[in-house]
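Hi there,

Here is the structure I promised to hand over. Have a look at it first, and my notes follow just below.

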Amino acid sequence: MAPAPRDTIRQVLFVYIFLFGGFRVACETIRYSIAEEIAIGSFVANFAKDLGLDVKALVSRQARLVADGNGEHFLLNLRTGELVTKDKIDREEICAQMDECIIRFELLLQNPLMFFRAEVVISDVNDHSPQFPEDEFILKIPELTIIGTRFPLESAQDLDGGRNTLQNYTLTPQNEVFVLHIREGSDGSKYPELLLAKALDREEQPELEFVLTAVDGGIPPRSGTAMIHIIVLDANDNAPVFSQSLYRATVSENSPAGFVVTTVSATDSDQGSNGEVAYSFSQDAGKGHRTFQIDPLTGEIRISKPLDFEMTEKYELSVRATDGGGLSSYCKVLIEVVDVNDNPPEVTVTSLSTLLPEDSLPGTAVALFSVRDRDSGDHGRASCFIPDDIPFILKPTYSNYYELVTDAALDREKISSYNITVTAVDSGSPSLSAWETVTVQILDINDNLPLFNQSSYTMYVTENNSPSLMIGGVNATDSDSGQNAKVTYSIWPENKNSPFSSPFISINSENGHVYILKTLDYEEIKDFKVTVQASDSGSPSLSTNVTVYVVIVDENDNAPVILYPMQNHTASYSELVPRSAEEGYLVTKVVAVDEDSGQNSWLSYQLLKATDPGLFIVWSHNGEVRTTRSINDRDAIKQKLIILVRDNGVPMLSTPATLDLLLVDGFSEAHMHVPAFTDEEKHDSTLTMYLIISLALISFLFLVSIIIFIIIKVYKRKQLKDRSHCSGHFDDANNFPRNLVDVTGTGTLFQTYKYNMCLTDGSGISEFEFLKSVIPSLPPQLENSEMFPEGN
C-alpha cells in the first residue's frame, strides 16, 4: 500500500535523536493510507525499509508495535519488516462519523531504546447504502395550504464518509403538485423537502404517493428508498407557533440518561383537535435524534444515551410541532456538550527493565511509559510523579512520554527491590488520577567484604592432644547474596615460613572449624598465631583476614628433675657434716626444676626416708636440709636421706633424691681420705685417657708432616738455583748479543743490558726467568774489552 500523499506528510522519516538517559525518539511521524475492508494480512508498507532499519536487527532488538488507543489492528513481520493488517478494518466501527479516520501507533526497539511514531489513514469504501429511518412517511396536509409551503422530509443516513456519503435525493414520479427541494445544513448534510407548487384539492385528489430515493456518491453509487404518503385534510387555518425559533442549551457529558436538556414550546390558536400540538424530531435532527428523545406532549428534550464530548461536541436538532389538523411548524435546538473530567489519565508502560544491577550508574533507564488523557483542555493535561524517598526520578522525553531513570547509587544490601508507583494526575476539578506500579529487582554485585564476627580469635588446646582435634571455629558473613555471599575459609599463606603455623593447624573451608593436626608439647611451644582468610565466591573474589591465636595449655606431663645433688654422678658421701653442728645447721639444699608451668611446676620437698629420722629435716618449700638437734657421738657416721620432690599438678608427679652424708669431726681429715671410685667412674676415666692419647698422636703426626713439607720445598729451591746444565748462558762476552735495538719503536731504550737466563732441558720458549741486569751495554768498539766480568 503506497504512503500518503506528499502534501500531507513526507514519506521520508527524518529522525532527530534526543539523548535522554540512553534512548532515542523519532520526532517526525510517518504516515500511510489504506482502504477499509481489506483482507486480513494485507500488505500496508515495508516499515523497516521506510525507517531505514536493518531487518535482521528487528528480532534482536525486540521490535514491537504499541497501539495508541484504537486497538491493535496491524502486525509487524519481523523477518521481512513488512507492516500488515491484523484484522478486517471497518472505518465506521473505528472512527464512527469522524471526518478523518487515523490509527496511530509506535514502533518500539530495544538496545538502544528508541521508538518511531506512525499513522495509518483509513480511507472510506462505499460499503453502506443510504437508509431512511422508516420505509414510509405519512404527511397530512390541509387543502388550504399556501403554494410555496415547504414540508421537510426525513433524511436518509449513510454510514460512509467523504464522497461515499449521501449526495442527492430524487422524487418519483414527477408531478405538478409537489417539487423536491434539497436543503444543505451547517455540517454539510443534505435534507429533502417537498415544496407545494400547486394548490391542493381534496375533492379532486385526496391522497398522493411518491417514492423518495437517496443516492450516495460512491462508484458505483448506492441508494435507498422510502414511500411518501400524502393525505389531504380539510382546512385548518392556524399552524402551531414556537415561542422562539432557535433554542440553545448546554449539557454536561456526564449527565445521566433521562436528563432534561431543554423544553420547547409551541401554541396553536385553533380550537379543538386543530389546536392540540404534538412535538417530534424532524429530519433535520440528523444523528441527534438517536442521542436525544422528545416528549410529544410537553416538548421536553431528554438524553436517551450517554454523551461523550470527545466524540461529539455539539448537536443541532430540528423540532416539529404539529397540530391536530396536520399543520406543522419547526424550530432549531442547538445543544452544546460541556466537557467534564470524566476520563482519568492512562499510564501505559512501553518498555521495562525489571532487573537492574546495583552498580548501575545514575541516569540508567529503567522504564519508558506514556500518559494519555482523553479529556480536553485542562482536563486533558496530566502530570506524573513518583515517591520522593526512592533513588529514581522521572524525566519527560517527548510529547506525553516519560522515562524512569536512576538518580543515585543503589545498594542491594539495604533495599533489594523497589515497587515504584507512577501516578498520573490531570488538571481537572476534581482531578482524576491513575497509577501504574513497576517492580524493579536489584541484582547483587560483589561489593561487600566478608566480615568476621570477632576482630581476633583466641583458641586453647591442651598439650599431648590427639591429632585432628577441633579446637574452635571462626565465622564470617557476607551481606551480598547468592554466590557472592558464599564464604570459604583458608589459612593465609603469609605464615608458611613460620615454624608454628600451617604444619600444626588446618581449617574447614566450608564451616570455618579449626583443627590441630599434630600432637603439641607445651615445653616446646607455648603459643602461636595464624592468619585465616575468608573469601567469597564472587568475581572478582573479595577477602578479609583475621588473626587466630592458639594457646597451648600445659599438662602435668613432666616429673621434677633433680639438679643438686647430682644423682649417680657424685661420691657416695657427697656432703660432709661436722659433728659440732648445732640445731638448725644448714647441711645442704636440694635443687630441682619442673619443665611444666603454673601450678604444675610448683615443687614441694618431703623427707621420705632417713637413717636417723629425728636428726634431719627438709623444708618443704625450698628443699633446705637442716639438723633438728645437735649431733652427738651416738649418731652414725654415715647418714643416708631419701628426699621426695613432688609437683602440684594433677595427677601429681614426683622424683626421689638420694643424699649421702658423712659426719666428721673435722674437714681436713675427711679431705685427706680419697674415696674409692665406682666402676662407672673408672670406666669414664679410662675412656678419657684414650681420648687424650689419640689427640696427642694426631697432633704429633701433623707437626711431622709440616716439617717434612718445608724441608722438601727448601731443597727444591736450592737445587734449582745451583743447576749447572743451563740451556743458554750469556756470561761470556763473546756470546752476548750485540747491537740490541728498541723493539717498541719509541726510542726510549738507549742502553743494552745483560741478563742471566737458565732453562731446563726440554723447556719451552715460555719457561724462562728474568733476573736483574748484569751490566749496561757498551759501544761496539769496546765489546772485546775486559769490561764484562763474570758474575751475577
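Before the rest, a word on the source. This is a predicted model, in which local features need pLDDT of at least 70 and side-chain atom pairs count only at pLDDT 80 or more, while totals for chains, interfaces and linings use all residues. Residues are numbered from 1 along each chain as its sequence is written, and side-chain values use heavy atoms, with hydrogens and water left out.

Now the overall picture. The protein has 792 residues, and 37% of them count as buried. Its secondary structure comes to 6 helices and 50 strands (DSSP runs numbered from the N terminus: H or I of at least four residues for helices, E of at least two for strands). If you take contacts (heavy atoms within 4.5 Å) between residues at least 6 apart in sequence, 67% join residues at least 24 apart. The accessible surface is about 44,700 Å², and carbon and sulfur atoms hold 54% of that (Shrake-Rupley method, 1.4 Å probe; for residues, only the protein chains shown count as cover).

On that surface, L697, F700, L701, V704, I708 and I712 make a nonpolar patch of about 550 Å². Patch residues have over 30% relative accessible area and no salt bridge, with nonpolar side chains (Val, Leu, Ile, Met, Phe, Trp, Tyr) joined within 5 Å and like charges within 9 Å; a salt bridge is a side-chain nitrogen of Lys or Arg within 4 Å of a carboxyl oxygen of Asp or Glu. One of these residues, L701, sits in helix α6 (residues 679–721) and is partly exposed, at a relative accessible area of 48%.

Next, the backbone. Most residues other than glycine have a negative phi, and most peptide bonds are trans. S468 is not a glycine, yet its phi is positive, about 60 degrees; you will find S468 in the loop between β34 (456–462) and β35 (469–473). Q62 also has a positive phi, near 55 degrees, and lies in the loop between α2 (57–60) and β4 (64–67).

As for cis peptide bonds, one runs from I219 to P220, with omega near -5 degrees, and P220 is in the loop between β14 (207–216) and β15 (223–233). Another runs from S429 to P430, with omega near -5 degrees; P430 is in the loop between β31 (417–426) and β32 (433–443).

Happy browsing!

Methods:
Buried means under 20% relative accessible area, exposed over 50%, partly exposed in between (1.4 Å probe, protein chains only).
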